Amino acid sequence: SWLRICARLKDEVGEVEYRTWLTKIALGPVDDDEITLLLPTRFLRDWVRSQYGDRLSDLWHQEVPFLRRVELQVARAGDPVAPTPPASRPSAQPPVEDSPPARAPAPDSRSDLVTALDSRFTFDTFVVGKPNEFAYACARRVAEKPSSAGFNPLFLYGGVGLGKTHLMHAIGAELLKTGQVSVAYMSAEKFMYRFIAAIRSQSTIEFKEQLRSVDVLMIDDLQFLIGKDNTQEEFFHTFNALVDAGRQIVVSADKSPSDLSGLEDRLRTRLGCGMVADIHATTFELRISILESKAATSGVVVPAKVLEFLAHKITSNVRELEGALNRLIAHANLFGRPVTLEATQDVLHDILKAHDRRVTIEEIQKKVAEHWNIRLTDMSSARRARNVARPRQVAMYLAKQLTSRSLPEIGRKFGNRDHTTVMHAVSRVSELMERDAAFAEDVELLRRMLES
Ligand code: ADP
Ligand code: MG
């Protein structure tokens, strides 16, 4: 189960953070009801505890229902390191984390459903740009005036690490400020575990009542319910009950309602009935703004050059970008050295390599040739007709943007051209992209295809 938890964490936090912090954890002594995780230093222990402590104990509780606590300790020489703990025994008892809802329902028991919101995720700390401005505006609107016509349900969707959870927490934080409304936020996964726990402890009625008593219900990562038919059914009924009673629902998923095949049709239909807001992949400009804002609050001076470098190299999602910046900042703090481009390349060596490995010049050439319907061999040929030369320039441009190859190296892959030819291609394509929106869109599309 430790391996499973590791895999889950890796998915959740992203490759960068996972490698930076979480691979340092070793599984220590395992008792019947207590698990010890070991870290090599105090700094790491404190960091992991503050950043991942809750999540780690959540995950462990899911694996081992009898668990009382998860301890984080600094490893000492000779600490016994036990193998992965036994798989959770089937039980009639609810997992520990679910014991509160299993209690007899008190009038104010709905506060049990308010899953702790991450105080870092507010509207103030959310950086707005073209790709997310619509979703942001919708989220703000719902936080200001829940249950307004046309905004219920609010369905937020977009790829991993683009800010869905952040926006939902921000809505929650904003609503709770007023103190007038009750808010429940949970992942679809948690929803399912709570539901199952309620069934086990024969308290489904209380569970339903609790859910149906909130003013705003937010369910994150709804795609988790695909294939979980009973939970979907339960969610559907809760959903209807709340909307019919004029309460607000906010849901997030990685796809639009119509693309969430595997969810029941009637649920998908209802999800699409309110406001559907898409968070698009980040642009370079947005990545820069986000980095600037995070760097500004870190107390460490990060030169613009470094921010640009990161925004160019790490394009997949904001979480990875943040992870990279956090690592730089942690290093700067630990060693008291200024952040420079060289230091960045050094500190983030493994991450940058992982991002490079994603795409090769050959793949770029192939995709670009396909896109403009020219022969692959023309990428290296001497032909200079515009319909061949232009795609070739785009391929060079993308090779420069998406790989860490030097100009001469790129030139060599394009029929032994000179590095000045590559340089010219890069500036020519940038220029054209500024002037010609359709062309820019083509290039961006290619970039996105290559990156995914
Ligand atoms: P998702 O839920 O879409 O996978 P998250 O909301 O968890 O993504 O975002 C991942 C990380 O990136 C979080 O730390 C979040 O604060 C940060 N983040 C994402 N988008 C933005 C943004 N526009 N401004 C500031 N931080 C952002
Ligand atoms: Mg999320």
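In this predicted model, ligand 1 is surrounded by 17 residues, and the closest of them are Gly 163, Lys 164, Thr 165, His 166 and Val 318. Two helices take part in the shell around ligand 1, for helix H6, which spans residues 164-178, and helix H13, which spans 318-335, each supply at least two of its residues.

From the ligand we can turn to the sheet. Three strands make up an open sheet, in which the order is S1-S2-S3 and the pairing is mixed. Strand S1 (26-30) and strand S3 (69-74) stand at the edges and have a single partner strand each, so one side of each is left without a neighbour in the sheet. From one strand to the next, the twist averages 30°.

The pairing of S2 with S3 can be followed in more detail. Strand S2, residues 34-39, runs parallel to S3 and is joined to S3 by six bridges; as an example of such pairing, Leu 39 has Val 74 in S3 as its bridge partner. Across S2 and S3 lies helix H3, made of residues 42-63, and this helix runs at about 165° to S3.

A last stop is helix H8, which covers residues 204-212 and in which Phe 207, Gln 210 and Leu 211 are buried. When we look down the axis of H8, the buried residues fall within an arc of 95°, and therefore they line one face of the helix.

Note on methods. Residues are numbered from 1 along each chain as its sequence is written. Chains are lettered from A and ligands numbered from 1 in the order in which they are written. This is a predicted model: local features need pLDDT of at least 70, side-chain atom pairs count only at pLDDT 80 or more; totals for chains, interfaces and linings use all residues. A residue is buried if 20 or more other C-beta atoms lie within 10 Å of its own, exposed if 12 or fewer, and partly exposed in between; C-beta atoms are placed from the backbone. Helices (H or I, at least four residues) and strands (E, at least two) are DSSP runs, numbered from the N terminus. The arc is that of the directions from the helix axis to the C-beta atoms. Two strands pair if DSSP finds at least two bridges between them. Axes are lines fitted to C-alpha atoms, for helices over the stretch in contact, and angles run from 0 to 180 degrees between N-to-C directions. Two residues are in contact if their C-beta atoms, placed from the backbone, lie within 7 Å. A residue is near a molecule or strand if its C-beta atom, placed from the backbone, lies within 6 Å of it.
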